[in-house]
Amino acid sequence: RVFGRNAAAVSAALRGAMAHLAVDINPRPPRRNSFEVSLVKEDGSTVELWSGIGKGPPRKLKFPQPETVVEALKSSLP
């Protein structure tokens, strides 16, 4: 439940920042008890924008603020 709300918020923030951006939620089975956001570039390389692994407790530290992920996205693109 918490994952779904956070995934939707991050997804909406990313789409709001870059309208042409394709956002997939869990294209592969997710790691247990984690929340991660990655950017797959056109050349196939992957950039990790956020990882909640190793964060917390409390559990809320495992989930990013959408603005944090948007800033990481902007800094990862030319």
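The model is a predicted one, and its largest nonpolar core has 16 residues. Helices H1 (2-17) and H2 (66-76), together with strands E1 (36-40) and E2 (46-51), each supply at least two residues of this core.

**The nonpolar core**

- Within the largest nonpolar core, the residues with the most contacts inside it are Leu14, Phe35, Val37, Leu49, Val69 and Leu73.
- The element that gives the most to this core is H2, with four residues.
- Leu73, when its neighbours within four places in sequence are left aside, is in contact with Leu14, Met18, Leu21, Leu39 and Leu49.

- Pro66, Val69, Val70, Ala72, Leu73 and Ser76 are the buried residues of H2, and because they cover an arc of only 160° around the axis, they lie on the same side of H2.
- The cover over these buried residues of H2 includes H1, E1 and E2.
- Glu67, Glu71 and Ser75 are exposed residues carried on the face of H2 that is turned away from its buried side.

**Ile25 in the loop**

- Ile25 is found in the loop between helix H1 and strand E1, where it is partly exposed, with a relative accessible area of 46%.
- Apart from its neighbours within four places in sequence, Ile25 is in contact with Phe3, Ala7 and Ser11.
- Ile25 and Ser75 are 50 residues apart along the chain, and their C-alpha atoms are separated by 21 Å.

Methods
Residues numbered from 1 in each chain as written. Predicted model: local features only at pLDDT ≥ 70, side-chain atom pairs only at ≥ 80, totals over all residues. Heavy atoms only, no water. Buried < 20%, exposed > 50% of the residue type's maximum accessible area, 1.4 Å probe, protein only. Contact = heavy atoms within 4.5 Å. Core = buried A, V, L, I, M, F, W, Y, C linked by side-chain atoms within 4.5 Å. Arc of directions from axis to C-beta.
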